[in-house]
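Here are my notes for you, as numbered points. Keep the model open while you read, and look up each residue as it comes.

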Amino acid sequence: MEPLRFKKIYLEITNVCNLRCPFCPPGRRPPAFMGREEYLRALEQLRPYTQYLYFHVKGEPLLHPLLPEFLALAGERGLEFGLKLSNTFPVEVKNKELPAEEMYMAGKSLFPLTIEMARRVSRDFDGRLRLSYSGGADYFNIDRLFQCGVWPVTMATTALKPGGYQRFTQIAEKLEALPFAPFTRVDTAGVEALALAARRDPLHVKAVKPLPRRKLAESYGRLCALLSNQGVTVVCCTISMFHSVRAWNRANIPGYYEVYLEASMDTLRRRDQKGLYSRNADNVAGVGLQVELPDTADLILDNNGQSTPEEQVALLCWAAKEGV
Ligand code: SF4
């Protein structure tokens, strides 16, 4: 009688892992890597029951030092492998986003990381290791993944978005239009191109959030204090329209001397530097954003264009000489 065949069989070749997922089942087994003899015995026992082995129970199989040899040994016996990349990626909770220490990156931000992993793995295994894929796969990249021989693909984040389930119809139509060929190997050059493009693709790269203005002004102050405390003369040009920041600077920066370059709103609008005032000025200090103008500056320089730079320098020299 033919033995019962399984679609795939999971084999744990190590319980050593470089992650600490909070949902990881606890256990008392000492860390261990399966040896070559034990692995060969397991192969002989499992071979009649499946064509696919998955090294995924507990532990990180990529940490196993004999992994390339294990893959070759299984290949010689007609067994195939798959590597799944990657459902989620644990990241620290830093700004109280969630009431926990860790949360999980998924969706489009995960794509550049996962496709980079796919690039490295397919390069190291010369495209022979079959990859199934999840991290950041969506309507916009599924065709390119498929054409590179990276499939099957699983998706969850798409389904959680508004209209997500309808999206699957579009995904299916997109895939159906592509010619199908059974898997032979991963197109390593195609994956490499995908990984490089993902680093700049606005679909996958979120804009870096600018530091809030107050934090930025505070960091300039701290940097000046750090340098001044080492005897360096520092000239720093900063907007810093916050009383608290200037008060901190005065209390903490040795020899602090504050010069306020004052220009009227008429002047600023007329100069219209970088088009700041003629475009939507909601985010411009002093127009859409309230500012706290300096009220204890050591020196105020009129910057409305009524004096030349030479006159301004002369004024500065006079102030320095007089100790004003
Ligand atoms: S990857 Fe798996 S074995 Fe490793 S910590 Fe997470 S759950 Fe545990």
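1. From Lys7 to Leu203 is 35 Å, C-alpha to C-alpha, and the two are 196 residues apart in sequence.

2. A word on what you are looking at. This is a predicted model, where local features need pLDDT of at least 70 and side-chain atom pairs count only at pLDDT 80 or more, while totals for chains, interfaces and linings use all residues. Residues are numbered from 1 along each chain as its sequence is written.

3. Now the overall build. The protein chain has 11 helices and 8 strands; these are DSSP runs numbered from the N terminus, with helices (H or I) of at least four residues and strands (E) of at least two. The chain is more spread out than a compact globule, because its radius of gyration is 31 Å, well over the 20 Å that the globule rule gives for 324 residues. That radius is taken over C-alpha atoms, and the rule is 2.2 Å times the number of residues to the power 0.38. Along the principal axes, the C-alpha atoms fill a box of roughly 105 × 50 × 35 Å. Buried residues make up 16% of the 324 residues.

4. How is the chain divided into domains? The assignment gives domain 1 (1-80), domain 2 (90-206) and domain 3 (213-322); such bounds come from an automatic or database domain assignment. Between the C-alpha centres of domain 2 and domain 3 there are 47 Å. As for contacts (C-beta atoms, placed from the backbone, within 7 Å), 68% of those with a separation of 6 or more are between residues 24 or more positions apart.

5. Which residues touch the most other members of the largest nonpolar core? They are Ile115, Leu131, Val150 and Val191, out of 27 residues in that core. Helix H2 (67-76), strand E3 (80-85), H3, E6, H4 and helix H7 (188-198) each supply at least two residues of this core, and domain 1 and domain 2 each give at least three. A nonpolar core here is a set of buried Ala, Val, Leu, Ile, Met, Phe, Trp, Tyr and Cys residues joined through C-beta atoms within 7 Å. Not counting residues up to four places away in sequence, Val191 touches Ile115, Ala118, Arg119, Ser122, Cys148, Val150 and Val186.

6. Most residues other than glycine have a negative phi, and most peptide bonds are trans. Trp151 and Pro152, however, are joined by a cis peptide bond with omega about 5°, and Pro152 lies in the loop between helix H4 (142-147) and helix H5 (157-160). Asp126 has a positive phi near 50° and belongs to the loop between helix H3 (110-124) and strand E6 (130-133). Ser240 has a positive phi as well, near 45°, in the loop between helix H8 (213-228) and helix H9 (243-252).

7. Around it are Cys17, Leu19, Arg20, Cys21, Cys24, Lys58, Gly59 and Glu60, each with its C-beta atom, placed from the backbone, within 6 Å of it. This shell has 4 nonpolar, 1 polar and 3 charged residues. Here Ala, Val, Leu, Ile, Met, Phe, Trp, Tyr, Cys and Pro count as nonpolar, Asp, Glu, Lys and Arg as charged, and the others, Gly among them, as polar.

8. Last, a look at domain 3 (213-322). Asn303 is in the loop between E8 and helix H11 (309-322) and is partly exposed, with 16 C-beta neighbours inside 10 Å. Leaving aside neighbours within four places in sequence, Asn303 is in contact with Leu261, Glu262 and Ala263. Leu293, in the loop between helix H10 (265-271) and strand E8 (299-302), is exposed, with 10 C-beta neighbours inside 10 Å.

Technical notes
A residue is buried if 20 or more other C-beta atoms lie within 10 Å of its own, exposed if 12 or fewer, and partly exposed in between; C-beta atoms are placed from the backbone. Two residues are in contact if their C-beta atoms, placed from the backbone, lie within 7 Å.
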